[in-house]
Every structure is written in C-alpha cells, then in structure tokens.
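This report describes selected parts of one protein model. The sequence and structure come first, followed by notes grouped by region.

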Amino acid sequence: MQASLPQIDLERWRRRVRAARLLRPTGQVVRVIGLTVEARGIAARIGEICDIHVPGEAPVVAEVVGFREDVTLLMPLGELRGIYPGCSVVPRGRGLMVAVGDHLLGRVLDGLGRPMDGRELSSPDQSYVPVDSSPPSPLSRQRIAQVFSTGVRAIDAFLTCGRGQRLGIFAGSGVGKSTLLGMVARYSSADVNVIALVGERGREVRDFIEGDLGPGGLARSVVVAATSDRPALVRVKAAFLASAIAEYFRDRGKDVLLLMDSVTRFAMAQREVGLAIGEPPATRGYTPSVFALLPRLLERSGMGAVGSITAFYTVLVEGDDLNEPITDAVRGILDGHIVLTRELAARNHYPAIDVLQSVSRVMPELVSAEHLARASRLRDLLAAYRQAEDLINIGAYVAGSNPRVDAAVRVYPDLMRFLRQDMHEHSSFEEAVKALPDPG
Ligand SMILES: Nc1ncnc2c1ncn2[C@@H]1O[C@H](COP(=O)(O)OP(=O)(O)O)[C@@H](O)[C@H]1O
Ligand SMILES: [Mg+2]
C-alpha cells in the first residue's frame, strides 16, 4: 500500500527561491546632509526600509527616497541620533508594513503604526499588509449606489453622500473642520472609522480624541496621528498607513469611513521630503512629487470589489483662496466638496457649511426625484436671498417686488434652523429628508 503524501506545490517554492534576493549587500553611511543620509554599497529600491546600525543603540530606521550618482538617499523614520560616516546600512528587502486586525479598534497609533497609548498592541490573528499599495483597478470597483448617512442634516439633505464616495472639506483654520469630522465619526452609518491626523499640533490630537470623538466614537475607530513635530516622512507615511488600515477593513466587506485631517499638511510634508532630496520647487514651492503622490493617496479610498471606503479629506484654504494649487488638485480628484466659510462661523452658524459653494457629484443618482427637486428649489431660494440680503437687512426690500425673493424671505428662517445643528445633536438621513422645509 502506498502512503499518501501531502501535496506540496514545489513549483511555487521554486519560483519564490528564484525571486528571493538572498544576498543583501550591507552598505555604509557616507554623508548626512540635513535630514538625508547618503549611503554607498547597498542595492535597495525606492520605498525600501533599511536599518542603520549605530553601535550601542537601537538601529535607526530609514527609507530609501532617491538616488544620486552612486549613492542611495535615505530619510529617517525616527531620530537621526548617533549616526556617523561608516555606520552600516542593511536593507530589509521590503517597504513599510503594518499589522492589521480587529485589535486596532479603539486604539491610537503613531505614523508608523506603533501604539501611542503605552499599552501593548498585538493579536494572535493579526496579519501584515504593506503601507504603500496601488489603488484598486477602476473596473473591479462596485458603483456608488447607496446613501451614506453622515448624521449631519446639511450634508444628508443638500450634499447627499454615497457609500464609497470621496469628498473634500475645504476651510480655513478654526472654522469647524475638526468638530464636523467628529460629528460624522460619531453619527455616520459606517461600521469602522479610520481617522488620520496629519501634521496637527499635539494638543489638537488630544482635543479631537477626547472632545470631538469621545469614548463612544473611539470604540469603533482606529486613529493614526503624526503631529507636526514628527519627521516629514513619518507624516507622509501616516496618511498611507491610515489608508492601508481602511483597505484592510474594506476588503473584509466592511463599510469604512476614512477621515483625513489634513491633506494640505500631507502635501507640505511631501514638499519637505522632495526639497530635501533636491527636487525642484514648482507651483508655489510644491515639488512635482507632491502632485504625483496626491492621486496615489486619494484614489486608494472609494468602492472596492467588496466593501467601501467613504472618505472625507480636509483641505486648508488660507485667505479663502480656492485656487491654491493643493485645493485645485484635490478638488479635481474627488467626487465632491464641502466648503466651510468664516462668514457663517462668525455668525455662529454651525456647521459653517456653505451649501451654495458645495457639491456632491453623486447625489442625483442616489436620492428620490422629490428630494432632489426640493433641495434644488431651496438652493435656488437661498441664492435669491443672498443676492437680496443687503437690501433685506436695511429694510429696503419691498415685499411683492420679486416673487422669488418673497418665497426666499418666507422660507429663510426655517431653512437656517434646518441647516444649523448642535454638535451633540444626531439626525439620521431619513429624519433630515423629512425635516427639509417646504419651499412653497
Ligand atoms: N458645530 C459647532 N457648534 C458650535 N461651535 C462650533 C461648531 N463647530 C466649531 N465650533 C467652534 O469653532 C471652534 C473651532 O472649531 P474646530 O473644529 O477646532 O476648527 P478647525 O478644525 O477648522 O480648526 C471650536 O472650538 C468651536 O468653538
Ligand atoms: Mg482642526
């Protein structure tokens, strides 16, 4: 009788052995200029992680960011302490990875995926995924077909989002971006939130987690934070790391909400990296790699073959300049934008969403004909009110002189009451649609 042997796919192993780089030459640090380390003697590709060994200390982890003549340019993912010419450089043969699993829920990670709360972070069923990966192919993505309830009336009624839609939130500083993101994180219909805080001050991170998100919001969230004092490359990585975690949950069929605050600070961090390795500054000091990286980041969210990542990316708009290059680039990539204005915030109108300047490109495909008609009629009346506002305010508008303005004046108080929402008030999509004022 013949013993049945377990089937081993020898060919698969042969292929792996052939593809493996078994010899990894060790190199040496030759120079350090600012934050770039130049090494000679290694054969590593862009994005590969290397350990720089400093005798008597933990190795400095660095990433390959470029090449110049015969040297490899590395940037540290931590402090550049103790490095000197001659330190050995050992490539790891792979890029940055992150351990993913349900154990991430409720936790706060740094830009490299390490826990920031001091408690241990691991789980027997965790798996590793690369931080950098390509967006899904457009043809493998499902279409956006279902409403994503944000819990914020102004958005649900006038800027209805779909599951898997990607939107930008454009605003100056202090206009209420973090508060709005916190509301969406607490009230939306998502299964899991992944929140990336990139380039914020340390205090803002704490305020967001404890104030805007709260314990209830944190329980179904994973927060990735790289504050402004972290190395530029770590701030860039934080954005990709959060995307990788969101993809992990999406690929397991979950409806994920990815919130990123802010893409502007991500772009600034990449500009720092680019300038340090000698890229030429192009538009307003931003280097070409910034504009190459933005779509690589923003296209990773959206629908997958299963599951979805609905994403909100905040963009800082200084001096209300909506034509600033990052604003412009981001707006071109995403499927909609929500504009918050200082005028509304100054009138204590929160959330300070300017409905007339904002748009959700997929709304017409998601909502009923009645809902769409009512929302666009109300928009139209709001525009009429804004045009006549100065006259109305000084009492110079004569009732009856323009039927459109008359209707606008009638509905205006109800509409303002509808659009304003306390940050502790939750309103479902259905409630928002039902509460839309009657334009008459
Ligand atoms: N929905 C809101 N209700 C009441 N006040 C708000 C609201 N949103 C923002 N604010 C006020 O605006 C301030 C700045 O908001 P924040 O979300 O931190 O702005 P940003 O993140 O854009 O800098 C808050 O401290 C708060 O006083
Ligand atoms: Mg903020």
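## Gly 336 and strand 18

Gly 336 lies in strand 18 (residues 336-339); strands are DSSP runs of E of at least two residues, helices are runs of H or I of at least four residues, and both are numbered from the N terminus. The model is predicted: local features need pLDDT of at least 70 and side-chain atom pairs count only at pLDDT 80 or more, while totals for chains, interfaces and linings use all residues. Residues are numbered from 1 along each chain as its sequence is written, chains are lettered from A and ligands numbered from 1 in the order in which they are written, and side-chain values use heavy atoms, with hydrogens and water left out.

Gly 336 counts as buried because its relative accessibility is 3% (buried is under 20% relative accessible area, exposed over 50%, partly exposed in between, with a 1.4 Å probe and protein chains only). Leaving aside neighbours within four places in sequence, Gly 336 is in contact (heavy atoms within 4.5 Å) with Arg 166, Leu 167, Gly 168, Val 359, Ser 360 and Arg 361. Between Gly 336 and Gly 151 the C-alpha to C-alpha distance is 18 Å, with 185 residues separating them in sequence.

Ser 301 sits in the loop between helix 7 (288-298) and strand 16 (302-303). Its relative accessibility is 1%, so Ser 301 counts as buried. Not counting residues up to four places away in sequence, Ser 301 touches Arg 141, Arg 166, Arg 250, Leu 258, Ile 309, Ala 311 and Tyr 313.

In helix 8 (residues 325-333), the buried residues are Pro 325, Ile 326, Thr 327, Val 330 and Ile 333. They pack against strand 12 (166-171), helix 6 (263-276), helix 7 and strand 17 (308-316).

## Helices 11 and 12

The axes of helix 11 (residues 369-393) and helix 12 (residues 403-419) come within 8 Å and cross at roughly 100°; axes are lines fitted to C-alpha atoms, for helices over the stretch in contact, and angles run from 0 to 180 degrees between N-to-C directions. Helix 11 is therefore roughly perpendicular to helix 12 (65 to 115 degrees; under 35 is roughly parallel, over 145 roughly antiparallel, the rest oblique).

## The barrel

Six strands close into a barrel in the order 1-2-5-4-3-6, with antiparallel pairing (two strands pair if DSSP finds at least two bridges between them). Neighbouring strands of this sheet are turned by 45° against each other on average, direction ignored.

Strand 1 (residues 27-33) and strand 2 (residues 36-40) run antiparallel and are joined by five bridges. Val 32 stands opposite Val 37 in strand 2.
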